[in-house]
Amino acid sequence: MKTVSYILFGLLFFFMECSNVSDNEQLKVDLPIDENATTETVALYNNLKLLAKTKVLYGHQDDLAYGYSWWAESGRSDVKEVTGSYPAVYGWEIGDFRQDVEANLDRVNFESMKGWINEGYERGGIITLAWHMNHPVTDGSSWDKTPGVAAILPGAEQHEKFKKWLDKFADFTQDLKGNDGELIPVLFRPYHEHTGSWFWWGEEQTTVEEYVTLWRFTVEYLRDTKGVHNLLYVYSPDNQAGREFDNYLTKYPGDEYVDVLGMDDYGSVNGRNPADFSNELAWLVEEAERRNKIPALSETGVEGIPNPKWWTEQLAPSFESNPKAKGIAYVLTWRNGNKELLQREHFYASYPGHPSAPDMKVFRDMDLFVFEDELPAMYTLEAKNK
Ligand code: BMA
């Protein structure tokens, strides 16, 4: 694959030089941390970077699996029913992946998930995967606060068990295929929100060295040992409404191990002055530029959207107040938990009939924000010419 990719890029450079392409931007093809990444993965990496300069893509967690008032109905999406388009980015979750379970911790069936990932990709959408990984020692949930990282590092007692989980994940990624058989690129976001202390890999649970070792091992094992080449790696500390801002890079695994500089933040979009958050997003954009990475607001939202103008009064100004913040590649709001199943309100995108729905439509119509039906081709390098 490496040779094939290089030959392809060589031809592309040659063609572009010959055809006298004026914009230098078009001549640059960056490789992600996986030099053997599939052609589609390299294209996605470059196209995301380029598109980020002018647009912010909108994403939603579990969008196709269920919504506020429905469950696993083909073609449905709360976002589409409110805005007229599917989201540009689809977030998925593989928590509870450890044993032979058929569904994740939110009851989304893994086989169905593969189908929805294919559907979104075939429409041109972008896929990101998070992992609320179970506790490797206690077998509890990811919210089990017992420190767990030291036990799974190379040489430690649970290392082999942990590798089996990664093996299973590697198999899962190789089942994600487009209709022509090509592997679907995935923005993989493991060990998220480690600056908070609510997961077993969290701030209080883990030393810098442990976290960095875990991250690097995961990349090297998946990429080099398992030969998984359709992943881009997303680092996503939790900003906690600015409180962890200075901590962003404390446990950073290094530029050789990260493709996307993400940030999770719920508090900053819940009544905080958008200008302050915008400055932090601007910082993230600058940091990403300096390191030649992709900046993203990898998780956000306000549960229940109590402000009916939340989309235009809170979220949009978070990108607009500081013009530099417009350089964020994508923003993903969390899931629309099914009310009947959960027996509570747990949604982060508007659904039809909710008071915030008209405002989400206004947000969708803003030039800065891109939904699926406005996406250029993300999986071919030609898209750079558009
Ligand atoms: C959390 C909540 C939980 C869910 C988990 C993983 O933030 O939405 O209900 O189980 O994410 O999706």
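Two residues are taken to be in contact when heavy atoms lie within 4.5 Å. By this criterion, in the predicted model, Glu 372 is in contact with Ser 85, Tyr 86, Pro 87, Ala 88, Tyr 90, Gly 120, Arg 123 and Gly 125, neighbours within four places in sequence being left aside. Glu 372 is located in the segment after strand E11 (369-370). Its relative accessibility is 6%, and Glu 372 therefore counts as buried. A polar contact of 2.9 Å joins the side chain of Glu 372 to the side chain of Arg 123.

The confidence of the prediction was considered next. The pLDDT averages 93 over the chain, and 92% of the residues score at least 70. Residues 1-25, however, have a pLDDT below 50; in the model this stretch has 27 contacts beyond near neighbours in sequence.

Helix H5 comprises 16 residues, 159-174. The distance from its first C-alpha to its last is 23 Å, close to the 22 Å expected at 1.5 Å a residue. The buried residues of H5 are His 159, Phe 162, Lys 163, Trp 165, Leu 166, Phe 169, Ala 170, Phe 172 and Thr 173. These residues lie on the same side of H5, because the arc they cover around the axis is only 170 degrees.

The loop between H5 and E6 contains Ile 184. With a relative accessible area of 0%, Ile 184 is buried. Apart from neighbours within four places in sequence, Ile 184 is in contact with Ile 117, Asn 118, Tyr 121, Ile 127, Leu 176, Lys 177, Gly 178 and Asn 230. Between Ile 184 and Thr 38, the C-alpha to C-alpha distance is 9.1 Å, although 146 residues separate the two in sequence.

Charged pairs were examined across the whole structure. Side chains of opposite charge can pair when their charged atoms come close. The search finds 24 salt bridges. One of them is formed by Asp 106 and Arg 335, with the closest N and O atoms 3.4 Å apart. Asp 106 lies in the loop between strand E4 (89-93) and H4, and Arg 335 in the loop between strand E10 (330-333) and helix H9 (339-342), so this pair ties together parts 229 residues apart in sequence. Both partners count as buried, Asp 106 at 16% relative accessibility and Arg 335 at 8%.

Glu 203 and Lys 251 form another salt bridge, in which the closest N and O atoms are 3.4 Å apart. This pair links distant parts of the chain, since Glu 203 is in the loop between E6 and H6 and Lys 251 is in the loop between E7 and strand E8 (260-265), 48 residues apart. Glu 203 counts as partly exposed at 30% relative accessibility, whereas Lys 251 counts as buried at 3%.

A salt bridge is also formed between Glu 374 and Arg 364, with 3.4 Å between the closest N and O atoms. Glu 374 belongs to the segment after E11 and Arg 364 to helix H10 (residues 357-365), so the pair ties together parts ten residues apart in sequence. At 37% relative accessibility Glu 374 counts as partly exposed, while Arg 364, with a relative accessible area of 7%, is buried.

Technical notes. Residues are numbered from 1 along each chain as its sequence is written. This is a predicted model: local features need pLDDT of at least 70, side-chain atom pairs count only at pLDDT 80 or more; totals for chains, interfaces and linings use all residues. Side-chain values use heavy atoms; hydrogens and water are left out. Helices (H or I, at least four residues) and strands (E, at least two) are DSSP runs, numbered from the N terminus. The expected span of a helix is 1.5 Å times one less than its number of residues. Buried means under 20% relative accessible area, exposed over 50%, partly exposed in between (1.4 Å probe, protein chains only). The arc is that of the directions from the helix axis to the C-beta atoms. A polar contact is a pair of N or O atoms within 3.5 Å; within protein, one must be able to donate a hydrogen and the other to accept it, and residues adjacent in sequence count only if both atoms are side-chain atoms. pLDDT is the predictor's confidence in each residue, from 0 to 100. A salt bridge is a side-chain nitrogen of Lys or Arg within 4 Å of a carboxyl oxygen of Asp or Glu.
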